[in-house]
Amino acid sequence: MGSCSSSQKVAETGTKTQQPPTAATTQKDAPAVEAPKANTAAAEGTVTNPATVDKKVLYYHVVSQPSRSCAWLVDYMNLNDVELKPVDIFKGEQKQPEYTEKFPAGQVPAFEDGEFAFGESTAILQYLTEDTHALWPTDKKGRTLLQQYFGRHPTAIRPITLKYLLPVFIAPKSAEEKAAAAEKELSVIEPVLKEYEAILGKQPYVLGDSLSLADFLFAPEIDQLVWCKADLLESYPNISKYLARLREEVPSYVKNFEDANKFAEDFSEARGF
């Protein structure tokens, strides 16, 4: 998550009503994708209880980046059969016995489909799109690149939060400490920012010409740099254009960002950042 001394609001004015794409279309001209039917993706061999078979729940926190990826997808695909259940990670609700009994890792996001319970954002994103393959590349090379991105995300993209934002915007108590931490940790994230600055200079989205599941993971990590340190991305104009494109073309992204932004503002104010 990110907590910030300043924030940059995203204008929602002028956005169009979105329709989720099939794997072969872009956001702009895509026909609607039918949300997966209840219990069609149940795990093979799982014994289900009829009383819970249709209950699908995403456990999340609004400012957790992996949670945001999954909540954004639920909204984007109009998955009305999925309940969004907040978990207060600042109060340690994810570590309580009733939670860890179902999700031993004690983390968000986590997903429950009847008696089938699991975690990890990439697994949840794939599970929710398994039936339709919406937001999946249609060709073998594209699908391979998506799997490559899934594999790299924890070590290449997540450090933006874990190695930079948390030390800079959570631990320090003074402006001087923040500045020192920012200077020290910036070198951790500069290589990946340069990498995706180059990629997004050649194509509009992370994997090419169409929105994909990779964008649902990438954007919630990168956009924190907008609310937390607005001037940092001035050196990365292609990344800035990418985020602006999402704000213009994907209304559910705007809502996702603004919900997290509001929490970050309130959290920062409460802690005196």
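In what order do the elements of the chain run from the N terminus on? They run β-α-β-α-β-β-α-α-α-α-α-α-α-α.

**View 1. The whole chain, a predicted model.** The chain has ten helices and four strands. Helices (H or I, at least four residues) and strands (E, at least two) are DSSP runs, numbered from the N terminus. Buried residues make up 48% of the 273 residues. Buried means under 20% relative accessible area, with a 1.4 Å probe and protein chains only. Among contacts between residues at least 6 apart in sequence, 72% join residues at least 24 apart. A contact means heavy atoms within 4.5 Å. The chain exposes about 13000 Å², and carbon and sulfur atoms supply 51% of that area. Accessible areas come from the Shrake-Rupley method with a 1.4 Å probe.

**View 2. The largest pocket and its lining.** About 700 Å³ of space lies in this pocket. The volume is the space filled by probe spheres set on grid points, which are joined across faces, edges and corners. A pocket is an open set of points on a 1 Å grid over the protein atoms alone, where a 1.4 Å probe fits, with protein on both sides within 12 Å along at least five of seven lines; lining residues have an atom within 4 Å of a point. The lining holds 31 residues. Ser 64, Pro 66, Gln 107, Val 108 and Arg 158 lie nearest the centre. Elements that each supply at least two lining residues include α1 (65-76), β4 (116-119) and α10 (251-271). By class, the lining has 17 nonpolar, ten polar and four charged residues. Ala, Val, Leu, Ile, Met, Phe, Trp, Tyr, Cys and Pro count as nonpolar, Asp, Glu, Lys and Arg as charged, and the others as polar.

**View 3. Lys 56 in strand β1.** The strand covers residues 56-60. Lys 56 is buried, with a relative accessible area of 7%. Its side chain makes a polar contact with the side chain of Asp 81, at 3.3 Å. A polar contact is a pair of N or O atoms within 3.5 Å; within protein, one must be able to donate a hydrogen and the other to accept it, and residues adjacent in sequence count only if both atoms are side-chain atoms.

**View 4. Thr 129 in helix α3.** Thr 129 is buried, with a relative accessible area of 0%. The side chain of Thr 129 reaches the backbone oxygen of Leu 125 at 2.9 Å. Not counting residues up to four places away in sequence, Thr 129 touches Leu 73, Met 77, Ala 134, Trp 136 and Leu 213.

**Notes.** Residues are numbered from 1 along each chain as its sequence is written, and side-chain values use heavy atoms, leaving out hydrogens and water. In this predicted model, local features need pLDDT of at least 70 and side-chain atom pairs count only at pLDDT 80 or more, while totals for chains, interfaces and linings use all residues.

Terms used:
Buried < 20%, exposed > 50% of the residue type's maximum accessible area, 1.4 Å probe, protein only.
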